[in-house]
Amino acid sequence: MSTTAAGGVRPAAVAGVFYPSDPGALRDEVDGYLGEVPGSDGELSKAVIAPHAGYRYSGATAGFAYRALAARKDQVKRVVIVGPAHRVRLDGVGLSTAGSWATPLGEVEVDRESCDRLADLPGVTTADSAHAPEHSVEVHLPFVQRLFGAVPVVPLVVGRAAVRDVARVVDAAWGDEATAIVVSSDLSHYLDDEAARNRDRATASAILECRAGDIGPFDACGCLPIGGLLSAAIGHGLAPRLLDLSTSADTAGDPSRVVGYGSFALRPLQPVSDDQLQWLIDLARRAIEHELRQSEPYPLDDSEVPDQLRSPGASFVTLQQGTKLLGCIGSLDRRRALWRDVARNARGAAFEDPRFSPLTEAELQDLSVEVSVLSPLEEVPAESLDTVAEALRPGIDGVLIAAGGKRATFLPDVWEKIPDAGDFLRELVQKARWDEPWPEGVRAWRYTTISVRC
């Protein structure tokens, strides 16, 4: 297949194969998929992960993803579509130089200005030869056309690349509320139906927990686009939600050799509920008791984890007997699923806090466990100690300061002992053990916590 001339029209490559070539039939089929799934639940989704197989196999599952974007359809003025390169060898992330892409429903304009900006990033290359036969982006265009109308797109294909490089591109294309992002990927390939569903459930768990490193090419052909999106989403305070899982056997496929499909939406993190906090307290106790009695770490294989607690989060776990502190360990960065973070920090507080001896089984009696869940860090001006103090809300904010490779934090409950903001920060500087009172290049962040003690 010939490549598209710069500024020209990239012709449809898989119309009549992956989806109908007749405009009326295509319109009716896409509208059917958009209408067969529940309406918007009111949550606004910035990005989705959706499959890219032939419509008769994966169209219904893709419909879940696009309906998740429906609440923003009047806002969206640009759609970024990122898929894997299946047919042509490619290094990095590939741009299209076309001025538009054709489907049976008409031409879709390419956002050339955005493409030109992305072209300056490391690992980004022009890849018309990879785009020409590729279906992973094209099959999404009719959905975009029917849901959003005549909005421009940024078509990207990913070949051999590092997840961090893909994340850099996704982050650069992120835009504001007028931009929606679609990552195109199927899941497992050519297993029997039962094996496929088991693998796809494991992949779905990895996606929900943003464990990009646990998603490989045998789990999802778009593992690199998925990983890039997940990595970028953490920095934007978004978390994945599962919308639908299916296989080709659900529609027209042979159950002995199926392809798996999944749809996910990325939405703003929601506050942890009281019931979920209690679940985390119970988890922390289980983790501690398991290690004391089994002499091995808690296995972290819980199957009944509330979906929201699978989102990346940061926590502190504090152990006390009466007013006596027995251990306190925590995280400031959202690097792992919240439930895993709490379990690890419970173990750390019980057995690895260097200030205290490891917890004993006798100390389980009357043990008080407190779990504090941190909000995302919010950076504040840090030109001086007074500047940071002015940005803090006494009694509400925890604060993190960092400089010269050393950092320190106080949780909000420290305000009970040090109610003055200036004194609060001076004590924190002492904790950081900097070489000078306020070094050059200090950075500071505030955060809030939701805590429960039991």
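Biologist: How many aromatic pairs does the ring rule give here?

Modeller: The count comes to eight aromatic pairs. One of them joins Tyr33 and Phe143, with ring centres 6.4 Å apart and planes at 20°. Keep in mind that this is a predicted model.

Biologist: What makes Tyr33 and Phe143 a stacked pair?

Modeller: Two values do it. Their centres are 6.4 Å apart, and a pair needs centres within 6.5 Å. Their planes sit at 20°, while stacked asks for under 30 degrees. So the pair is stacked.

Biologist: Why say that this pair ties together parts that are 110 residues apart in sequence?

Modeller: Because Tyr33 lies in helix α1 (residues 23-35), while Phe143 lies in helix α5 (residues 141-148). Both Tyr33 and Phe143 are buried.

Biologist: And what makes Trp434 and Trp438 an edge-to-face pair?

Modeller: Here the planes are at 80°, and edge-to-face means over 60. The centres are 5.7 Å apart, inside the limit of 6.5 Å, so the pair counts as edge-to-face.

Biologist: Why is Trp434 called buried?

Modeller: Its relative accessibility is 11%, and the cut-off for buried is under 20%. So Trp434 counts as buried. Trp438 comes out at 18% and counts as buried too.

Biologist: Which residues make up the aromatic cluster?

Modeller: Tyr19, Tyr33, Tyr55, Tyr66 and Phe143 form one cluster. Tyr55 and Phe143 also turn up in the lining of the largest cavity.

Biologist: What else lines the largest cavity?

Modeller: Pro51, His52, Ala53, Ser58, Gly59, Ala62, Val139 and His140 are also in the lining. Helix α2 (residues 55-68) gives the most, four residues. By class, the lining has six nonpolar, four polar and no charged residues.

Biologist: How many cavities of 30 Å³ or more are there, and what is the volume of the largest?

Modeller: There is one at that cut-off, and the volume of the largest cavity is about 50 Å³.

Biologist: What about open space: how much lies in the largest pocket?

Modeller: About 980 Å³. Its lining has 26 residues, and the closest to the centre are Phe316, Cys328, Arg355, Leu411 and Lys431. Strands β13 (312-321), β14 (324-330) and β19 (406-410) each supply at least two residues of that lining. Sorted by class, the largest pocket has eleven nonpolar, six polar and nine charged lining residues.

Biologist: And the second largest pocket, what lies nearest its centre?

Modeller: Ala53, Asp186, His189, Tyr190 and Val259, out of 17 lining residues. This pocket holds about 340 Å³ of space. β12 gives the largest share of the lining, three residues. The classes are eight nonpolar, seven polar and two charged.

Biologist: Let's turn to cysteines. How do you know that Cys221 and Cys223 are too far apart for a bond?

Modeller: A disulfide needs sulfur atoms within 2.5 Å. The sulfur of Cys221 is 8.2 Å from that of Cys223, its closest cysteine sulfur, so that is too far for a bond. The disulfide count for the model is zero.

Biologist: Which residues of α8 are buried?

Modeller: Among them are Cys223, Ile226, Leu229, Leu230 and Ala233. Helix α8 (residues 223-235) has 13 residues and reaches 19 Å from first C-alpha to last, close to the 18 Å expected. Just after α8, Gly237 takes a positive phi of about 70°.

Biologist: Is Gly7 buried or exposed, and why?

Modeller: At 53% relative accessible area, Gly7 passes the cut-off of over 50%, so it is exposed. Gly7 lies in the segment before β1 (9-10). From Gly7 to Lys431 is 59 Å in space, C-alpha to C-alpha, and 424 residues in sequence.

Biologist: What makes Trp339 buried?

Modeller: Trp339 has 0% relative accessibility, and buried means under 20%. So Trp339 counts as buried. Trp339 sits in helix α10 (residues 338-351), and its C-alpha is 28 Å from that of Val380, 41 residues apart in sequence.

Definitions and conventions
Residues numbered from 1 in each chain as written. Predicted model: local features only at pLDDT ≥ 70, side-chain atom pairs only at ≥ 80, totals over all residues. Heavy atoms only, no water. 1 Å grid on protein atoms, 1.4 Å probe; cavity = no way out; pocket = protein on both sides within 12 Å on 5 of 7 lines; lining within 4 Å. Points joined across faces, edges and corners; volume = space filled by probe spheres on them. Nonpolar A, V, L, I, M, F, W, Y, C, P; charged D, E, K, R; others polar. Expected span 1.5 Å × (residues − 1). Buried < 20%, exposed > 50% of the residue type's maximum accessible area, 1.4 Å probe, protein only. Phe/Tyr/Trp six-rings, centres within 6.5 Å; stacked < 30°, edge-to-face > 60°.
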